[in-house]
Amino acid sequence: MSIKLGCIADDFTGATDLANNLVRAGMRTVQTIGIPGEPLRGGADAAVVALKTRTLPAAEAVAQSLAALDWLRAQGAEQIYFKYCSTFDSTPAGNIGPVADALMTRLGTDFTIATPAFPDNKRTVFKGHLFVGDVLLNESGMQHHPLTPMTDPNLLRVLAAQTTRRVGLIDYSVMARGSAAIRARIRELKAEGVEIAIVDAISNDDLLALGPAVAGMPLVTAGSGVAIGLPGNWGLTPASRQAVQARAPGLQAVVAGSCSAATNAQVATFIESGRPALALDPLRLAAGDDVVEEALTWADARLRDGPVLVYSTAQPEQVRQAQGALGAARAGAMIEDAIARIAVGLVERGVRQLIVAGGETSGAVVQALGLEQIAIGEQIDPGVPWCSGHAPAAQGDISIALKSGNFGTRDFFIKAFG
């Protein structure tokens, strides 16, 4: 089979976010967990390869992304989409710049665009600056991210620190004039030697205008928002009805590893509602305490009465204390491993509807559960759908929602099971 759009996502929640937008915009989409070892089977317009490369060393992220590119091109992909987070999560060393550079070189292209804009989730770009809701990125809570603290909202500066390519801007005044003006601006930038252009977008209208302007561009780099404007380039339109899959019957649980402001609020709302929640202590994990088994024993006594929450989510000061004692990498890895083992244990105990909060956490959980491919179902909140896939621990299918730490309303954990 041959696909139209081949997508590389740098984490698992981002992959489902992108697949969700493509499906809603009319593309039959398959999401794989990692790079498949065989050709894609069945009919699809797009394939999304979910990687866990956002916080890997840049060289490893590049190698995995290039391998995903090679597989997607072997499936006939006409255009490649490198998907990163709507908060542009990265460090001065990468990985957005290095991966984009490598993909451009492999594809033999000298120009691409970059924009994390996703207005439906209150991520907008204005004059090259990224806003989260009404505040700049560096005032949104992302400045406290334990692995990729975002302290500069100027995307031109952020990206320029990660690439040797010249970075330019397609600003809001161009976007307001539509696709023809965007194409003209791209020609101007290329003539000036610009190779990557940050794109302003403050509404879905901007993204819908951008879609036709990048038709035929070998590589697009963006958050998931740009996806809404691409299917039309192949004559596809939003489906008359979105495929709704029945959720797998069984017990319900949430595991949360994100320390974002949004997930902190969701954890607090779940607890305030009187539902059972258990916090994991990274220092006890480091001391060798069997925190995983304790959590599963705790859950055993409560699962039959409704959804339970196991979380490592913490306020910035608590995160700093844990990192100070253990080191950021060690603390993060221990928590991810513990939550992944807890998730497997919960599924073994009959959980068939599982919410996972946090990109790195979702990657660890999906890999531990042995999910290889997932189908996209109903949307819970913008960017977060229910998905389904075969999990060996369940000896059958489970329903799973992979929630970016920054996404979802305060009552997300509660309404998702409604």
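**Ground rules.** I'm working from a predicted model, where local features need pLDDT of at least 70, side-chain atom pairs count only at pLDDT 80 or more, and totals for chains, interfaces and linings use all residues. Residues are numbered from 1 along each chain as its sequence is written, and side-chain values use heavy atoms, with hydrogens and water left out.

**Entry 1, the sheet.** I looked up the open sheet that three strands form, and its order is E6-E7-E8 with antiparallel pairing. Strands here are DSSP runs (E, at least two residues), helices are runs of H or I with at least four, and the numbering goes from the N terminus. I call two strands paired if DSSP finds at least two bridges between them. At the edges sit E6 (123-126) and E8 (135-136), each pairing on one side only. E7 (residues 129-132) pairs with E8 over two bridges, in the antiparallel sense. I also noted that Val 132 stands opposite Val 135 in E8.

**Entry 2, cavities.** How many cavities of 30 Å³ or more are there? I got two. A cavity is a set of points, on a 1 Å grid over the protein atoms alone, where a 1.4 Å probe fits but cannot get out; lining residues have an atom within 4 Å of a point. Points are joined across faces, edges and corners, and the volume is the space filled by probe spheres set on them.

The largest cavity holds about 50 Å³. Its lining includes Gln 245, Arg 247, Glu 378, Trp 386 and Ser 399. Strands E16 (373-381) and E17 (384-391) each give at least two lining residues, and E17 has the largest share with three. I sorted the lining into three nonpolar, four polar and two charged residues. For the classes, Ala, Val, Leu, Ile, Met, Phe, Trp, Tyr, Cys and Pro are nonpolar, Asp, Glu, Lys and Arg are charged, and the others, Gly among them, are polar.

The second largest cavity comes to about 40 Å³. Among its lining residues are Asp 11, Asp 17, Arg 54, Lys 83 and Phe 407. Helix H1 (residues 12-24) supplies the largest share, three residues. By class I have two nonpolar, four polar and four charged.

UniProt's unreviewed entry puts "domain: Four-carbon acid sugar kinase N-terminal" at residues 5-228. Such annotations may be inferred rather than shown by experiment. In the model, the end C-alpha atoms of residues 5-228 are 13 Å apart, and the span is 33% helix and 21% strand.

Conventions. 1 Å grid on protein atoms, 1.4 Å probe; cavity = no way out; pocket = protein on both sides within 12 Å on 5 of 7 lines; lining within 4 Å.
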